[in-house]
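Subject: Structure handover and what was found in it

Dear colleague,

Please find below the structure that I promised to pass on to you.

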Amino acid sequence: MAKLVIGYLKLQVKGGQANPAPPIGPALGSKGLNIMDFCKQFNARSQDKQGQVLPVLITIYNDKSFDFVIKTPQRLFLLWRQ
(Lines give C-alpha, C1' and ligand atoms only; values in the text may rest on other atoms or scores of the structure.)
Protein backbone atom coordinates (compact mmCIF):
# COMPACT_ATOMS: atom_id res chain seq x y z
CA MET A 1 0.00 0.00 0.00
CA ALA A 2 1.31 3.44 -0.88
CA LYS A 3 2.00 6.01 1.79
CA LEU A 4 -0.36 8.96 1.99
CA VAL A 5 1.32 12.37 1.56
CA ILE A 6 0.05 14.80 4.18
CA GLY A 7 2.26 17.79 3.38
CA TYR A 8 5.43 19.38 2.18
CA LEU A 9 8.03 21.50 3.89
CA LYS A 10 10.58 23.78 2.23
CA LEU A 11 13.81 24.67 4.00
CA GLN A 12 17.12 26.23 3.08
CA VAL A 13 20.00 24.49 4.82
CA LYS A 14 23.77 24.82 4.53
CA GLY A 15 25.28 21.70 3.00
CA GLY A 16 26.74 19.30 5.54
CA GLN A 17 25.74 21.55 8.45
CA ALA A 18 22.18 20.54 9.39
CA ASN A 19 21.59 20.45 13.14
CA PRO A 20 18.52 20.37 15.41
CA ALA A 21 18.82 24.07 16.30
CA PRO A 22 16.36 26.60 14.86
CA PRO A 23 15.08 26.87 12.18
CA ILE A 24 15.39 23.15 11.30
CA GLY A 25 14.43 21.63 14.67
CA PRO A 26 11.22 23.60 15.26
CA ALA A 27 10.10 23.22 11.63
CA LEU A 28 10.49 19.43 11.65
CA GLY A 29 9.36 19.00 15.25
CA SER A 30 6.07 20.81 14.63
CA LYS A 31 5.31 18.22 11.93
CA GLY A 32 6.25 15.30 14.21
CA LEU A 33 9.30 14.25 12.19
CA ASN A 34 12.50 12.73 13.56
CA ILE A 35 14.87 15.72 13.57
CA MET A 36 18.13 13.82 14.09
CA ASP A 37 17.26 11.33 11.35
CA PHE A 38 16.81 14.20 8.88
CA CYS A 39 20.04 15.91 9.98
CA LYS A 40 22.10 12.73 9.59
CA GLN A 41 20.64 11.91 6.17
CA PHE A 42 20.96 15.48 4.91
CA ASN A 43 24.55 15.89 6.09
CA ALA A 44 25.55 12.59 4.49
CA ARG A 45 23.96 13.49 1.15
CA SER A 46 25.26 17.07 1.05
CA GLN A 47 28.88 16.49 2.14
CA ASP A 48 30.17 17.52 -1.30
CA LYS A 49 28.30 20.85 -1.11
CA GLN A 50 29.76 21.93 2.23
CA GLY A 51 28.64 25.44 3.26
CA GLN A 52 26.41 26.12 0.23
CA VAL A 53 22.83 27.15 1.02
CA LEU A 54 20.71 24.36 -0.45
CA PRO A 55 16.94 24.42 -0.95
CA VAL A 56 15.35 21.24 0.40
CA LEU A 57 11.84 19.94 -0.31
CA ILE A 58 10.63 17.49 2.35
CA THR A 59 7.64 15.25 1.63
CA ILE A 60 5.79 14.28 4.82
CA TYR A 61 3.80 11.04 4.99
CA ASN A 62 0.92 10.04 7.28
CA ASP A 63 3.11 7.63 9.29
CA LYS A 64 5.49 10.53 10.17
CA SER A 65 8.14 9.28 7.76
CA PHE A 66 9.63 11.59 5.15
CA ASP A 67 11.60 11.83 1.94
CA PHE A 68 13.53 14.83 0.80
CA VAL A 69 15.03 16.23 -2.37
CA ILE A 70 18.01 18.57 -2.36
CA LYS A 71 17.55 21.16 -5.07
CA THR A 72 20.21 23.15 -6.93
CA PRO A 73 21.30 26.36 -5.15
CA GLN A 74 20.06 29.65 -6.55
CA ARG A 75 22.18 31.06 -9.35
CA LEU A 76 22.74 34.33 -7.54
CA PHE A 77 24.34 32.46 -4.64
CA LEU A 78 26.55 30.47 -7.00
CA LEU A 79 27.70 33.66 -8.80
CA TRP A 80 28.35 35.46 -5.52
CA ARG A 81 30.62 32.66 -4.26
CA GLN A 82 32.98 32.90 -7.22
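Helices (H or I, at least four residues) and strands (E, at least two) are DSSP runs, numbered from the N terminus. This is a predicted model, in which local features need pLDDT of at least 70, side-chain atom pairs count only at pLDDT 80 or more, and totals for chains, interfaces and linings use all residues. Residues are numbered from 1 along each chain as its sequence is written, and side-chain values use heavy atoms, with hydrogens and water left out.

Overall picture

The protein chain holds 3 helices and 3 strands, and from the N terminus on these elements follow the order β-α-α-β-β-α. Its C-alpha trace spans about 45 × 25 × 20 Å along the principal axes. Of its 82 residues, 37% count as buried, where buried means under 20% relative accessible area, exposed over 50%, and partly exposed in between (1.4 Å probe, protein chains only). If a contact is taken as heavy atoms within 4.5 Å, then residues 24 or more positions apart account for 65% of the contacts with a separation of 6 or more.

The accessible surface is about 5500 Å², and 56% of it belongs to carbon and sulfur atoms; these areas come from the Shrake-Rupley method with a 1.4 Å probe, and for residues only the protein chains shown count as cover. The chain carries 11 positive and 4 negative side chains, with the centres of the two sets 9 Å apart. Here Lys and Arg count as positive and Asp and Glu as negative, while His and the chain ends are not counted, and the place of a charge is taken as NZ of Lys, CZ of Arg, CG of Asp or CD of Glu.

The strands

Strands are said to pair if DSSP finds at least two bridges between them. β1 and β2 run antiparallel and are joined by 9 bridges, with Val 5 opposite Tyr 61 in β2. β2 and β3 are also antiparallel, and 5 bridges join them; Ile 60 has Phe 66 in β3 as its bridge partner, and Leu 57 stands opposite Val 69 in β3. β2 is mostly covered, since 7 of its 9 residues are buried.

Within strand β2 sits Thr 59, which counts as buried because its relative accessibility is 14%. Beyond its neighbours within four places in sequence, Thr 59 is in contact with Val 5, Gly 7, Tyr 8, Ser 65, Phe 66 and Asp 67.

The core

A nonpolar core is a set of buried Ala, Val, Leu, Ile, Met, Phe, Trp, Tyr and Cys residues joined through side-chain atoms within 4.5 Å. The largest one has 17 residues, among which Phe 38, Phe 42 and Ile 58 touch the most other members. Two or more residues are given to this core by each of β1 (5–14), α1 (24–29), α2 (35–45), β2 (53–61) and β3 (66–70), and the largest share, 4 residues, comes from β2. Apart from neighbours within four places in sequence, Phe 38 is in contact with Ile 24, Leu 28, Val 56, Ile 58, Phe 66 and Phe 68. In soluble globular proteins, nonpolar side chains tend to be buried together.

The loops

Most residues other than glycine have a negative phi, and most peptide bonds are trans. A cis peptide bond joins Pro 22 and Pro 23, with omega about 5°, and Pro 23 is placed in the loop between β1 and α1. Lys 64, in the loop between β2 and β3, has a positive phi of about 70° although it is not a glycine; the hairpin of these two strands has 4 residues between them. Lys 64 counts as partly exposed because its relative accessibility is 43%.

Gly 16 also lies in the loop between β1 and α1, and at 18% relative accessibility Gly 16 counts as buried. Gly 16 and Ser 46 are 30 residues apart in sequence, yet their C-alpha atoms are 5.2 Å apart in space. Leaving aside neighbours within four places in sequence, the contacts of Gly 16 are Phe 42, Asn 43, Ser 46, Gln 47 and Gln 50. Gln 50 belongs to the loop between α2 and β2, and at 40% relative accessibility Gln 50 counts as partly exposed.

With best regards
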